[in-house]
Amino acid sequence: MATDKNKNEVLSVEQRLKSLYELQTILSEIDRIKTIRGELPLEVKDLEDNIEGLRTRIENYRRDVEELRKKTVIEKEKINDSQSKIARYKEQLDNVYRCINDSTSVIERPKMIYNEKTGQYLLWFHADGPTETSDANYAAASAGLAVCDTPYGPFRFVDRYRLNTCPEDQEDMHPQSKGMARDMNLFVDDDGTAYIIYSSEENLTIYISKLNDAYDYLCTEPENAVYGKDFVRLYPGAQREAPAIIKRDGKYYLMTSGATGWAPNQARYWMANEIFGEWKDMGDPCIGDEKRTTFDSQSTCIFEADDGTIVYMGDRWNSDNLSDSRYIWLPVLFDDEGKMSISWQDSWELNR
């Protein structure tokens, strides 16, 4: 009979054998796993590489899609901008045709000045005709502008504008149509400041408005203009047109006509020490004009010739055939008190 000691030793051997068997089993499993891993290592690595490659491609696709999205947004903006430009261009074409055409537009009283700063010649004129809201021949009542680098053209039409309006604290002679501009003239003062002088408020009031440094628009938008600084109104309700202005010996002279259509009428002139100052009515400058028709003419310009002679230029309208109208040219004289006069001359010459 085995002793307890021998029993313990026997059990210990059994345990050892069992443990050895388990260890061999584990080792066999490890060998089997190693064998399996040894058979598939490249495929697993390829699979991992493929997965990583797919991830990279997906990320690249995402970047490409984002880049395409950005480009699409830019192209859409370009398309929208182009469409807006096309729409604006069409509006401009429509506006140009509405303002300048050979059937409905009215172009009268063109005047030209030169801007020494910009080197441009600016042609302002009475631009009239139908508008988007009216088919009347004189509905626009605007000031038109065209520009060129030479006085000989071709001139580029810019636009037509309504100009300054009557201040709220003064009586508007024609409040139903603000900013009208018809018969007009231009004047550049000694300091280079330019002005546009025009009939407004249905020809019932003369305005003098300061232009900007480029001479291509008002110096201040009409809604922001300050009376006495940016513009003034002269003789409201007097119904004067055909303004012609000149400066001599520090005084300003402004000659106008009445409003009788194409028929001539009696002229009047005003004198002032400042262009935005008080203008004094000096009466009719024409001497010996028995018919009181400004020698059958309407004032257009008063200017100084190269020899210093002051010249009056007047339209002699042929109402039956306006394109066959003529001009008259007469010397303008000033007495010692600065009063202006114009007398008829059958013929005369500039001093050479």
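These numbered points walk through a predicted model, from the whole chain down to single residues.

1. **Ground rules.** Because this is a predicted model, local features need pLDDT of at least 70 and side-chain atom pairs count only at pLDDT 80 or more, while totals for chains, interfaces and linings use all residues. Residues are numbered from 1 along each chain as its sequence is written, and side-chain values use heavy atoms, leaving out hydrogens and water.

2. **The whole protein.** You will find 2 helices and 17 strands here. Helices (H or I, at least four residues) and strands (E, at least two) are DSSP runs, numbered from the N terminus. Of the 352 residues, 36% count as buried; buried means under 20% relative accessible area, exposed over 50%, and partly exposed in between (1.4 Å probe, protein chains only). Among contacts (heavy atoms within 4.5 Å) between residues at least 6 apart in sequence, 46% join residues at least 24 apart.

3. Have a look at the 4 strands that form an open sheet in the order 5-6-7-8, with antiparallel pairing. Two strands pair if DSSP finds at least two bridges between them. Strand 5 and strand 8 (231-234) are the edge strands, each pairing on one side only. From one strand to the next, the twist averages 20 degrees; axes are lines fitted to C-alpha atoms, for helices over the stretch in contact, and angles run from 0 to 180 degrees between N-to-C directions.

4. **Strand 6 and its partners.** Strand 6 (residues 194-200) is joined to strand 7 (residues 205-210) by 6 bridges, and strand 5 pairs with strand 6 over 5 bridges. I196 is a handy landmark: this residue stands opposite S209 in strand 7, and L186 stands opposite I196. The one between strands 6 and 7 has 4 residues between them, with E201 in the turn at a positive phi of about 50 degrees.

5. **Is strand 6 buried or exposed?** Since 7 of its 7 residues are buried, strand 6 is largely enclosed by the rest of the structure. In a regular strand the side chains alternate between the two faces of the sheet. Here both faces are covered, with A194, I196, Y198 and S200 buried on one side and Y195, I197 and S199 buried on the other.

6. The largest pocket has a volume of about 990 Å³. Among its 42 lining residues, R109, P110, K111, N185 and T300 are the closest to its centre. Strand 1 gives the most to this lining, with 8 residues. The second largest pocket holds about 220 Å³ of space, and of its 14 lining residues, K117, D191, G192, T193 and Y215 lie nearest the centre. A pocket is defined on a 1 Å grid over the protein atoms alone, as an open set of points where a 1.4 Å probe fits, with protein on both sides within 12 Å along at least five of seven lines; lining residues have an atom within 4 Å of a point. Grid points are joined across faces, edges and corners, and a volume is the space filled by probe spheres set on the points.

7. T131 sits in the loop between strand 2 (120-128) and strand 3 (142-148). With a relative accessible area of 22%, T131 is partly exposed. Leaving aside neighbours within four places in sequence, T131 is in contact with R98, A139, A140 and R160. T131 and R98 are 33 residues apart in sequence, with 7.4 Å between their C-alpha atoms.
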